[in-house]
Amino acid sequence: MPAARSRLSRIAVAAPAATALILGTLAVANPSFAATPVGEQTAKQLSGSHPAWATAQADAGVVADAAPASARIYLAGQDQAGLSALAKAVSDVNSASYGKFISADEAKARFGATKAQVKAVTDWVTGAGLKVTETTAHYVEVSGSTAALSKALGTPFHAYRTAQGTQSAPVQDAVVPASVASSVLAIGNLATALHKNVSFATSVKSAEAKAAPQSKGPSLPTTPTCSENGYGTKPANGAPAGYEKNEPFAPCSYIPSQLRKAYSVDTAGVSGKGARVAIIDAYGLSTMEQDANHFSTLHGDKPFAAGQYNEVVTPDKWVHEADCGGAAGWAGEEALDVEMVHAFAPDANVTYVGANSCYDDDLNAAMANVVDNHLADIVSNSWGEIMHGKSGDIDPAVVKADEQIFQLGAAEGIGFTFSAGDCGDSSPAAAATGANCQTDTSQPQTDWPSSSAWVTSVGGTTLELGNKAGQYGHEVSMGDQRSVLSADQKSWTPMPGFFYFGGGGGVSKDFEQPWYQKGVVSDSISMTAADGSKAATPRRATPDIAMSGDLVAATLVGFTDNGTYSEGGYGGTSVSAPETAGLLADAIQARGGRPIGFANPALYDRAGSKAYHDVNDSAVHNKFGNVVDLGTVNNVLKVRLYKVASDFGLSAGQGYDTATGVGSPDGRYFFKSFAYKH
């Protein structure tokens, strides 16, 4: 049974509608990809394929020989060390090879699996009694009996008792024979414990469904309300004093024109013309283009032109819909991503690629499709998952397979943005009260794939518009404490509030510091992992950059649900990631249409410059606590008090920080800085 690592697409949480160490590591970090010459091959042990949860104490006995089994064998291809080197060289702004990308066909010829490698793997598995059910450029899928899989991998399979029920797993790490050792990158789905990706978006409505209704007070409004003219411009008269004496109502959900103005996109005169952006989520909304065009028109923007928007979806192949939420469950995320990319890059071509489920295998296949066919220059992803859970760690095969795709993308000039998450440091303490957290988390940690050194990890901010005209005012890190109005309407409970929502980030204990972070991320940050363990060498810090995404200062999204079009406020780093993808599309236009590719080296090369707003929570100069009127549930008005800049375990300070990275883009200088210099 395949491991269901559903990518936690941290979906944006919807907000009220406007008017509406020794450092313990996974055995997946820094894998050696060098191919072993024929004749010198030795058997290869797949470290981590025996999961930590499969203990002797939990052993429930041997899995029957006849029990069905399956696995996905990821192909190493040719010259993986050469691929890593090329991906770095073409991405490094200080390299003579910077920007000298290769085509998808050349990437396949130089680094893809050969016919001989595929034949060797096929002969090996069929010789053990397994059946090949699918072969692609990246993997060979097999199925058969447990006895046959055990024979192929040199390990028996046992059942183990877990909190999620009885799961099967290899008794020891699997071993690939010498004859195919250089052809196999990793083997996934050997254990049956479920790991799913989730979306990092949340709507105000969905988030509030978890809260008990409160009685309404006579001195407060009896209909939903918000600050129409910018952050904090409408006093919440009649509300009891909270973090400040007189909190305002939260801002009405931001629309695209406000966001473009705040980040100086319109001022810079860029629109993403000539750039191509792909968006990957699970499944697909049948009315997406129609909804995006309707949303744009309603809010004064132009719809997609004919042929500007395309979709790659295969509804006849969708699987795991009950487990992943199906198309309806991902509709808000998809609409958010498409509408935000179009908002920031209205002339860019957009291709939506819907994975066949939220499982790792299907999302990896969607990413591979974009890279193999070079469908875009930038790929926006608003999903992810924790790496360390109570039910076990992430499958090392997933990490290796994903990073191979990211490096192929970098070699071709394709960059990936990923949401950093909506649960602060993703600790059990944050997950205890956070609205968009994975409750299975076992420790403070960074998420995958945002912690990969080969993607742009995007954090969140709370954006304040400075005045009625809507110019940029201020930003703080995305993080909200929440209190509720007491039954007697005279106070807030609790005070201070509990952690409710916040951007992800932190330092990964699983991956070393990438070259582009050296000299920008201090040792005081990079040598202490999110869980507090000390490292002997610097580690990968996230996020890399940040943009508006808070649920309190939400973003308006519109789509059709059950046949009816409606709009609502959303928040989360699911907002921030497509915003950033749109800005990178604008930067491509600013550099004459030349792709940026993997953007991190260029982003860090500009660290500390005017290209960014240096988000700093300690420099808050206006009131940031607010009363939020979320409307009525069962005819009962629900009123909440939020205090922003209150992320769990993370905060923004001067320079690089693990809440907002190098800062948020300042369009007055950001786009100019990308003028092509090579």
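This is a predicted model: local features need pLDDT of at least 70, side-chain atom pairs count only at pLDDT 80 or more; totals for chains, interfaces and linings use all residues.
The link of Cys-324 and Cys-358 is left-handed, with -80° about the S-S bond. The sulfur atoms of Cys-324 and Cys-358 lie 2.1 Å apart, joined as a disulfide. Cys-324 belongs to helix α9, residues 321-324, and Cys-358 to the loop between β14 (349-355) and α11 (360-372), so this pair ties together parts that are 34 residues apart in sequence. Is Cys-324 buried or exposed? Its relative accessibility is 11%, and Cys-324 therefore counts as buried, the cut-off being under 20%. Cys-358 is buried as well, with a relative accessible area of 2%.

The structure holds three disulfides, and I turn now to the other links.

Cys-226 is bonded to Cys-252, with 2.0 Å between their sulfur atoms. This link is right-handed, at 90° about the S-S bond. Cys-226 and Cys-252 are both buried.

Next, Cys-423 and Cys-437 form a disulfide with an S to S distance of 2.0 Å. Here the value about the S-S bond is 100°, and the link is right-handed. Cys-423 sits in the loop between β19 (415-419) and α13 (428-431), while Cys-437 sits in the loop between α13 and β20 (447-448), 14 residues apart. Cys-423 is buried, with a relative accessible area of 2%; Cys-437, at 17%, is buried too.

Finally, what is the pairing when the bonded cysteines of the chain are numbered in sequence order? The pairing is 1-2, 3-4, 5-6.

Note on methods
Residues are numbered from 1 along each chain as its sequence is written. Side-chain values use heavy atoms; hydrogens and water are left out. A disulfide is a pair of cysteine sulfur atoms within 2.5 Å. Buried means under 20% relative accessible area, exposed over 50%, partly exposed in between (1.4 Å probe, protein chains only). Helices (H or I, at least four residues) and strands (E, at least two) are DSSP runs, numbered from the N terminus.
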